[in-house]
Amino acid sequence: MTVAPDVTRPLVACDLDRTLIYSAAALGLGGPDAAAPPLVVAEVYQGVPISFLTRRAETLLAELAQIAVFVPTTTRTVAQYERVRLFQRPPAFAVTTNGAQIVVDGRPDGDWTVEIAARLTSACAPLADIADHLAKLDDPRWTLSRRVAEDVFCYLVVNRAELPATFVSDLAEWCEPLGWTVSLQGRKIYAVPRPLTKSAALAEVVRRSGATCMFGAGDSLLDADLLEAAQYGVRPAHGELADLGWQRDHVAVTSATGILAAEEILNHLLVACGR
Ligand SMILES: [Mg+2]
């Protein structure tokens, strides 16, 4: 028997990139330009608009934020997250850096950073080992850049067309015994400590916010734990989880792909919250 969640104070944890907001390359719009949905700019980088959501999604998001604790939950660093402007004011809580940071009223929470550092020290190989390995794999044919995010994980920005077919699986195999996970999202290949999860940070946000249940949405392997932890979830029909055929009974899948999937995701979440 399934027990319906208590939705008196729901929390919605929503991934950003390719779940809610989309780069120009990820819009996935078919059909004539004149039939494209009106878009709203969600992110400006160096003076140029680079991420978007549909105007309809913006309206649905505003409605959702009225009835739920809406928590942007992203692998972006704090600086990358701060460029994403979805509301007039920063949300009460956001999870960034794949769970390494909890941003409270727009400010990173120092206590959580200390807690996470302690958890990682004992549970997996140090960042330097993984960063050194990525440096050795660096090849100008496919590596566009190599980055370390807030001293907790690292990632490559790659040219997918030139990337050897087994590069990601070989890296994942190498990282596995060291307690690290690999995720491919668009042009980025992330290597992330396995204990560094969105769901661990969300459990803390649930505790602090007094939420009675959690719903979630996400598209990548780094969202799988978030979706597992949620009482109800949605994933788009595109992305890393879709490519893996990832399914769970409590996780709906959109029919649309690309930026239009975000509208379906928000509608699912609104219904779950008792709209
Ligand atoms: Mg994503």
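Which hand does the crossing of α4 and α5 have? That one is settled in the second close-up below; everything here comes from a predicted model.

**Close-up 1. The magnesium ion sits among three aspartates.** D15 (OD), D17 (O) and D219 (OD) coordinate the magnesium ion, at 2.1 to 2.2 Å. Read along the chain, the donors follow the spacing D-x1-D-x201-D. The pair D15 and D219 ties together distant parts of the chain, 204 residues apart. D15 belongs to the loop between β1 (10-14) and β2 (22-23), while D219 comes from the loop between β13 (213-217) and α7 (224-229). Are D15 and D219 buried or exposed? D15 has a relative accessible area of 5%, so it counts as buried, the cut-off being under 20%. D219 is buried as well, at 3% relative accessibility.

**Close-up 2. Helix α4 packs against helix α5.** Here the axes of α4 (residues 127-137) and α5 (residues 167-175) come within 12 Å and cross at roughly 150°. Angles over 145 degrees count as roughly antiparallel, so that is how α4 runs relative to α5. As for the opening question, the crossing of α4 and α5 is right-handed. On the α4 side, the contact is made by D129, I130, H133, L134 and L137; α5 brings F167, L171, W174 and C175. Sorted by type, the residues of this contact come out as seven nonpolar, one polar and one charged.

**Close-up 3. Helix α1 lines up with helix α9.** How are two packed helices described? By the angle between their axes and the distance between the axes. For α1 (residues 55-67) and α9 (residues 261-272), the angle is about 25° and the axes are 9 Å apart. Under 35 degrees counts as roughly parallel, and α1 and α9 therefore fall into that class. The crossing of α1 and α9 is left-handed. From α1, the contact takes in R56, A57, L60, L61, E63, L64 and I67; from α9, look for E263, L266, N267, L269 and L270. The residues of the α1 and α9 contact divide into eight nonpolar, one polar and three charged.

**Close-up 4. D151 is an exposed loop residue.** Where does D151 sit? In the loop between β9 (143-149) and β10 (153-158).

How values were computed: Residues numbered from 1 in each chain as written. Predicted model: local features only at pLDDT ≥ 70, side-chain atom pairs only at ≥ 80, totals over all residues. Heavy atoms only, no water. Donors = N, O, S within 2.8 Å, 3.2 Å for Na, K, Ca; no water. Helix = DSSP H or I, 4+ residues; strand = E, 2+ residues; numbered from the N terminus. Buried < 20%, exposed > 50% of the residue type's maximum accessible area, 1.4 Å probe, protein only. Axes fitted to C-alpha atoms, helices over the stretch in contact; angles between N-to-C directions. Parallel < 35°, antiparallel > 145°, perpendicular 65-115°, else oblique. Left-handed = near helix turned anticlockwise from the far one by under 90°. Contact = heavy atoms within 4.5 Å. Nonpolar A, V, L, I, M, F, W, Y, C, P; charged D, E, K, R; others polar.
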